[in-house]
Structures are given as C-alpha cells and as structure tokens.
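Here is a short briefing to read alongside the structure. Keep the 3D view open and find each residue as it comes up.

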Amino acid sequence: MHPIIHFFNVAIPTFGVLFLLGTGAAFLLGVYTARKYGITTMDAMFFGLFGIIGGISGAKILYIIVDLPNLLANPETALIRLATGGAVFYGGLIGGILGGYFYTRIYHLHTIQFFDIAVPCLALAQAFGRIGCFFNGCCYGIPYEGIGAVYYPVGAYPPSGIGLFPAQLSESVFLFILTLVLITVLWKSKVPGLTTGVYLLASGLFRFINEFFRADPRGAIGFLSTSQFISLLVIGLGFLFVMKIPQQLYEKQIKQ
Amino acid sequence: MEQYNNKAIASMVLGIVSLVCIFLGYFTIIGIVCAIIGLIFAIQIRKAGELEGFKPNGMATAGLVLNIIGLGLCALAFIACVACVGIIGTAGLYS
C-alpha cells in the first residue's frame, strides 16, 4: 500500500519507520514496567539492547544457515544477498531471548523477572510491526468480502482488485489489547514468570488461529504452516511458565 | 581504567562509522555490525562503572548514544519485513 515514505529525496521503508516507532515505544514502556521489580532504567534498557542485538544477529545467522546451499551455489551474488534481503523472524526471536538471557547471566540478574517486564514491551513493538506489515503489503489475508476488507492497489505485493482479510491489522489490534492485559497481569501477579506465560499462551494461540486467515506464501511443516508449528511449541512453553516449571528449574540453578 | 578508555574510544569511533554507513545503500549491514560491537563496548563500560564505582567518561556516553542512533538508522534502512517467514525481501522495492 505505502511500502515507502518519501522524505525530501530519501526513500524510507514504512516497515522500518514503524519498527523504530515500536522499539521506541517498547523502551518507554520498559522504563515503566521495570518498576514492578525495582529494576533500574539502565538495566532495563541494556537488557532490551542486548535483546535487539541478539535478535538482529539471530535473524541473520538463521537466514545464512537456511539459505547456505543457495549462497554457495551462486557465490557471485552471495555478498549482495547477504547484505540485502534475508532475515528469519524465528531466528530473531531465539536470538533476542538468548541476547537478553546472556545479559542477565553476565551481570547476575534475575532472568525471569527481566522476561516478565520485557513481554508487554515485546507485544507493543510487535503491534507496531504488524501495522508496518500492513503498509508493506506483506502477511496479507485470505480473500474476504466483508466488514474491514482491504483492497490493495494494482502493483502492490498482495493480489489487487479483490477484498482481503486484514490479517495484519487484526493481529495488531490483538497485540495492543494484549499489551494492556500483560501490564495488568504484571502489576497484579505475585509470581515471577506468570506474565511471560500469559504472553506465550495468548500470542501463540492467536497466531495459530490467525494463520488460517493468511494467504501469503510461507513455509509449511506437514499440514500446518511453519508459524503454526512454532506457535504450538510457544503455547507449550507458555503452559510450562504458567505451571511454574521453568521458574522452579531456575531457582534450583541459582541455589547450585 | 586504561582498558575502559580504549573501549570508550573504540565505541565512539564505531558509532561514527555506523552513522556514516547509513549512506552506503545496501551495505548498511556494515553499520549494523559496527553499531552492535560499539554498543557492547559502551554497555560494558557503563556496567563496569556502576559495579566498580567510577563515572564513565564523555567518550563512553557519546559512544552509547551514537551507536544507538547508528543501529536505529541502519536498521531503518536495512530491515525489511523480518516478521514474515518466506516473504520476498522488500529490498527490491526501494532499490
């Protein structure tokens, strides 16, 4: 729809702008959520920065691993392809978690408390990112002619001329609501890890359902899409957090 | 302290390099790498200052700020829709 914003003579990708807006909003929210456990603003910020560093590195590394046969087959274009496209979201997610975990391990901080304060911020950043997807035209929905149907113009990445389900916007609205729910859970809960569990459960479940309403080309594992398969793992992990199993393992590890 | 001074200088220089890399088109990835390394140095100095009780110098602060701005702006130019598995890179759209 509007994948590029023209600012004077500079073309700026809209997704990038919304990604930055989301990151900024997430950092601001992080300053607020960090108060729950008395975490300093500096620690909250550095945890977030380590998460971003891990996320960017992870997304790129997983892309290189996945695309290695193609990169080796066409070495003349490998450098350009490495420098331009190519980032795998789940690599980013795993890298981001590892980055944050790494920070708390180096400076002997309570990892689960940090994850608790980070998940509302992550949901908020994701919500902005999904609006970016909407403007970008990616992650589009199935053909649909009803309330809120989206019609992309000719030349856009999604099919034009037919109504599409606003899969990106529905996820964005859900994530904004989830952010508010997570903040409430964070302030009301007395158990570290519960907020993380609620986030994993809710976002995994919604993503699983929302995938049925998406029509963009993406990978598949059996009869499920890659995202649905990973969503099941995320939901399982969320259950474990709600049942306090990772928390108990973590406490044991600290005692040792 | 000497190692922290060296890291502060390195962090600031890497921050400046990352800012310059914004104008390299496709190769903003170099800026991202520089900003990541510079940011790690800057964070190390800040945390060491907090734990060992010294105030980081101006170059360390400048390094932190420049690297955050550099990483943000390079990411703005570089990041396509990473949230979409299997999507065609949007890089072609703004080439």
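This is a predicted model: local features need pLDDT of at least 70, side-chain atom pairs count only at pLDDT 80 or more; totals for chains, interfaces and linings use all residues.

Chain A has 9 helices and 6 strands. Chain B has 3 helices and 0 strands.

**Chain A overall**
- The C-alpha trace of chain A spans about 60 × 50 × 45 Å along its principal axes.
- Of its 256 residues, 43% count as buried.
- Take the contacts in chain A between residues at least 6 apart in sequence: 71% of them join residues at least 24 apart.

**Chain B overall**
- Read from the N terminus, the elements of chain B run α-α-α.
- Chain B has 95 residues, and 46% of them count as buried.
- Among contacts in chain B with a separation of 6 or more, 64% are between residues 24 or more positions apart.

**Helix α5 of chain A and its partners**
- Helix α1 of chain A covers residues 14–33 and packs against α5(A) at an angle of about 165°.
- The axes of α1(A) and α5(A) are 8 Å apart.
- Angles over 145 degrees count as roughly antiparallel, so α1(A) and α5(A) are roughly antiparallel to each other.
- The crossing of α1(A) past α5(A) is right-handed.
- Helix α6 of chain A covers residues 167–188, and α5(A) packs with it at an angle of about 165°.
- The axes of α5(A) and α6(A) are 8 Å apart.
- By the cut-off of 145 degrees, α5(A) and α6(A) are therefore roughly antiparallel to each other.
- The crossing of α5(A) past α6(A) is left-handed.
- Residues of α5(A) that meet α6(A) include V119(A), P120(A), A123(A) and F134(A).
- On the α6(A) side, the residues include L175(A), F176(A), L182(A) and L186(A).

**The nonpolar core**
- In soluble globular proteins, nonpolar side chains tend to be buried together.
- The largest nonpolar core here has 81 residues.
- A123(A), L182(A), L39(B) and C74(B) have the most contacts inside this core.
- Helix α5 of chain A, residues 111–136, gives the largest share of this core, with 16 residues.
- Leaving out residues up to four places away in sequence, L182(A) touches V119(A), P120(A), A123(A), T195(A), V198(A) and Y199(A).

**L98(A), a partly exposed residue**
- L98(A) sits in helix α4 of chain A, residues 89–106.
- L98(A) has 17 other C-beta atoms within 10 Å, so L98(A) is partly exposed.
- Beyond its neighbours within four places in sequence, L98(A) is in contact with G54(A) and G58(A).
- L98(A) and N74(A) are 24 residues apart along the chain, and their C-alpha atoms are separated by 31 Å.

**Two residues with positive phi**
- Most residues other than glycine have a negative phi.
- Phi of C139(A) is near 55°, a positive value.
- C139(A) lies in the loop between α5 and β3 of chain A.
- C139(A) counts as buried because there are 26 C-beta neighbours inside 10 Å.
- Phi of K244(A) is near 65°, also a positive value.
- K244(A) is in the loop between α8 and α9 of chain A.
- K244(A) is partly exposed, with 17 other C-beta atoms within 10 Å.

How values were computed:
Residues are numbered from 1 along each chain as its sequence is written. Chains are lettered from A and ligands numbered from 1 in the order in which they are written. A nonpolar core is a set of buried Ala, Val, Leu, Ile, Met, Phe, Trp, Tyr and Cys residues joined through C-beta atoms within 7 Å. A residue is buried if 20 or more other C-beta atoms lie within 10 Å of its own, exposed if 12 or fewer, and partly exposed in between; C-beta atoms are placed from the backbone. Helices (H or I, at least four residues) and strands (E, at least two) are DSSP runs, numbered from the N terminus. Two residues are in contact if their C-beta atoms, placed from the backbone, lie within 7 Å. Axes are lines fitted to C-alpha atoms, for helices over the stretch in contact, and angles run from 0 to 180 degrees between N-to-C directions. Angles under 35 degrees count as roughly parallel, over 145 as roughly antiparallel, 65 to 115 as roughly perpendicular and the rest as oblique. A crossing is left-handed if the near helix is turned anticlockwise from the far one by less than a right angle, and right-handed if clockwise.
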